[in-house]
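Reader: I am new to this entry. Please show it to me, and then take me through it.

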Amino acid sequence: MGLLAEKRVLLGITGGIAAYKAAELTRLLRASEAQVRVVMTRAATAFVAPLTFQALSGHPVHLDLLDATEESAMGHIALARWADLILIAPASADFMAKLRAGLADDLLSALCLAAETPIALAPAMNRAMWANPATCDNVRCLKSRGFRVFGPAEGEQACGESGVGRLLEPSDILRSAETLFALGGLTGHSVLISAGPTREAIDPVRYIGNRSSGKMGYALARSALAAGARVTLVSGPVSLQAPQGVKLVRVESAAQMYEAVVGLASSHDIYIGAAAVADYSPAKRAERKIKKRDEAISIELTRTRDILAAVAQLSNPPFTVGFAAETDHLEDYAKAKLADKKLDMVAANRVGKPEGGFDSEDNALHVFWRDGEGYLPMAPKSLIATQLIELITEHYAAKNSAQNPG
Ligand code: CTP
């Protein structure tokens with residue numbers, strides 16, 4: 001049984017050319033054995049007839065807030081209570097603005113306002129509408145209130161332009177929705193995660209650091225906990241609160257992180273190297289603060305030891321997952337890291353773009369394992385973390401059953 005089996009999904013469809021893709025999404029939800037009820041806005045019915053969704057969901061489509069017959073059959077409060085998940089795909093810019101403002105002048109917005117269940121939005125709109133500060137502000141605000149946002153994707157748009165704003169493919173929306181129900185897969189297992197930057201001391205007051213915020217590693221710790229794992233987090237200096245229930249080991253330098261992680265790795269089932277470990281460290285740390293005298297100075301740097309490779313080379317290594325932050329040739333470099341460091345999985349993200357990566361709230365990952373790959377489209381790091389933990393759980397279980405058949 002899939003993660004959506006018997007789950008009650010209320011699919012909200014708002015007005016936009018991408019509304020036709022909601023038909024395929026309805027079919028996929030039903031194929032995943034979810035129970036589906038569809039609510040359409042007036043504008044959505046201008047793009048696709050409600051009858052399509054009635055046929056695909058197996059139930060009449062809900063359209064009006066004030067329709068007496070509908071209210072008696074299942075009013076907006078009852079519909080909101082019925083759902084395990086409210087999924088709005090496509091979510092138009094206009095509808096997200098309404099959600100942010102708390103308007104309730106049609107059935108879908110009223111039931112969202114009354115909802116106590118998670119609401120996920122799959123936005124679709126023209127790239128300039130998506131990039132408009134008003135939309136950005138609305139999306140940021142909705143995310144901070146706990147709304148999940150799936151996508152949007154980048155590419156050709158119905159209007160002939162190209163950019164970020166396309167509705168995610170229905171199969172990607174389905175996958176994102178599944179992860180919201182993915183809990184418990186790591187019960188009885190232990191996960192070691194490294195997170196944040198390292199600081200390499202130059203003298204007692206200065207160091208070489210990097211811009212890692214630790215958000216991805218901390219989000220992974222939270223998701224691994226939610227999946228039932230016992231979690232140890234080895235963290236460089238960050239300004240984040242460790243999730244409740246995590247065993248936190250604070251370190252500063254790459255050398256300290258090496259000692260902590262390699263010392264703990266054999267007693268864990270899974271290691272995820274999400275830290276941005278310095279590759280080079282000053283060869284000598286000045287005992288006293290370096291005074292400015294010379295016009296130029298140079299600091300000799302030596303390579304740090306590779307923690308990830310050391311973990312993967314242990315005699316009884318955990319399932320080992322590395323990260324790769326690349327500006328170019330992402331696939332080639334990520335695959336090379338997988339092979340060279342003998343990893344089980346590598347999660348690669350593109351850096352140097354305005355969205356995603358270091359210090360950002362969102363991320364997208366291209367994940368590689370020995371005989372396959374997967375793509376987690378741009379989403380809040382919390383959601384990306386849940387999806388990555390899901391993937392890791394799946395491949396960790398497959399590796400275990402291959403090693404211990406029967
Ligand atoms: N890593 C590590 N120990 C180091 C350096 C990196 O464990 N001393 C881990 C990171 O936690 C991350 C992965 O290795 O999981 C990143 O791979 P790496 O080869 O270091 O990537 P880059 O630093 O980008 O280096 P390169 O110049 O090879 O791309």
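This is a predicted model: local features need pLDDT of at least 70, side-chain atom pairs count only at pLDDT 80 or more; totals for chains, interfaces and linings use all residues.

Reader: How many bridges join β1 to β3?

Author: Two strands pair if DSSP finds at least two bridges between them. Here β1 covers residues 8–13 and β3 covers residues 85–91, and the two run parallel. Leu 11 stands opposite Leu 87 in β3. The number of bridges between β1 and β3 is four.

Reader: What is the order of strands in the open sheet of five?

Author: The pairing in this sheet is parallel. Its edge strands, β2 (35–40) and β5 (148–149), each pair on one side only. The order is β2-β1-β3-β4-β5.

Reader: Where is Pro 152, which a cis peptide bond joins to Gly 151?

Author: Omega of the bond between Gly 151 and Pro 152 is about 5°. Pro 152 lies in the loop between β5 and β6 (153–156).

Reader: How many residues surround the ligand?

Author: A residue counts as near if one of its heavy atoms lies within 4 Å of the molecule. The closest are Gly 273, Ala 275, Asp 279, Leu 308 and Phe 323. The shell divides into seven nonpolar, three polar and five charged residues. The shell total is 15.

Reader: Which element gives the largest share of that shell?

Author: Two elements give two or more residues to the shell around the ligand: α13 (307–312) and β16 (319–326). The largest share, three residues, comes from β16.

Reader: How far is a ligand nitrogen atom from the side chain of Thr 304?

Author: A polar contact is a pair of N or O atoms within 3.5 Å. A backbone N or O atom of Gly 273 is 2.7 Å from a ligand oxygen atom. For a polar backbone atom of Ala 275 and a ligand oxygen atom, the distance is 2.8 Å. From a ligand nitrogen atom to an N or O atom in the Thr 304 side chain, the distance is 3.2 Å.

Technical notes
Residues are numbered from 1 along each chain as its sequence is written. Side-chain values use heavy atoms; hydrogens and water are left out. A polar contact is a pair of N or O atoms within 3.5 Å; within protein, one must be able to donate a hydrogen and the other to accept it, and residues adjacent in sequence count only if both atoms are side-chain atoms. Ala, Val, Leu, Ile, Met, Phe, Trp, Tyr, Cys and Pro count as nonpolar, Asp, Glu, Lys and Arg as charged, and the others, Gly among them, as polar.
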